[in-house]
Amino acid sequence: SSGDLIGEIICPSFDVTDSEIGIFTTSKLMKMLSICDKKITLSIADKSQIPKIIISDNVYDQEYVLADKFLIPKVPKVEEPEFDVNVSITTEIIKNIIDAKKVISSDIVKLTMVKHLEIPMLKFTFGDNNQYSDKISYSIVVDKIIPNLDLNFSSIKKKNILSFNKDLTKGNLYLSKDGLLKFTFESSSLIESKYFLVANGK
């Protein structure tokens, strides 16, 4: 959890002792994992003076120092609204959104509704909200128009969510006009993940 973002991952075949641990800098842990082979061994040394995750593969042995779990903010419970949009997302949609974000450095993606040949579409516009900023937009088909939809989200966090789940076998995007974006993913390895992203200023 990080203020405007909450994630939950379920991995039924994860062979690690049940533990409650504190990970303060997820980006640092992801960098360490990114250089590993596909097959890695994880163990948690939480009984030592300095608790850590031991990460091993055929090349490296790494130690990621854990944070005191009492310093990690409690994850709030999400009261899910009745979502106004529910659309399936594919690997192609994920790739297109990630590629669009790569073009624009701004951390803003605006979500609006448009019609193309009378077909309702959810439009993602990457770029700052002023006429002097570069922008790129991408739209996906939805089942209905939400009148006056105009929401801004963190494009960096949105890109990261999609990047981590680009090998999905099934994915859905849910949007509430009140400013809540939800993603769900399933993978071939039976991993399920769920993310909630709150709109800027909500």
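## Strands 11 and 12

Strand 11 and strand 12 (residues 192-198) pair in an antiparallel way through 7 bridges; strands are DSSP runs of E with at least two residues, helices are H or I runs of at least four, and both are numbered from the N terminus. Pairing requires at least two DSSP bridges between two strands. L180 sits opposite V198 in strand 12. The two strands make a hairpin with 4 residues between them, and L190 in that turn has a positive phi of about 70 degrees.

A quick word on the basis: this is a predicted model, in which local features need pLDDT of at least 70 and side-chain atom pairs count only at pLDDT 80 or more, while totals for chains, interfaces and linings use all residues. Residues are numbered from 1 along each chain as its sequence is written, and side-chain values use heavy atoms, with hydrogens and water left out.

Strand 11 (residues 180-187) is mostly covered, with 7 of its 8 residues buried; buried means under 20% relative accessible area, exposed over 50%, and partly exposed in between, using a 1.4 Å probe and protein chains only. S176 belongs to strand 10 and is buried too, at a relative accessible area of 2%. Setting aside neighbours within four places in sequence, S176 contacts P81, F83, D84 and L151, where contact means heavy atoms within 4.5 Å.

## The nonpolar cores

The largest nonpolar core holds 34 residues, and those with the most contacts inside it are L122, F124, F153, L173, L175, F183 and F185. Such a core is a set of buried Ala, Val, Leu, Ile, Met, Phe, Trp, Tyr and Cys residues joined through side-chain atoms within 4.5 Å. Helix 2 gives the largest share of this core, 5 residues. Another core, of 7 residues, lies apart from it and includes L29, C36, I55 and Y64.

L175 is worth a look in the viewer. Not counting residues up to four places away in sequence, L175 touches F83, D84, V85, L111, L122, L149, L151, F153, L180 and L181.
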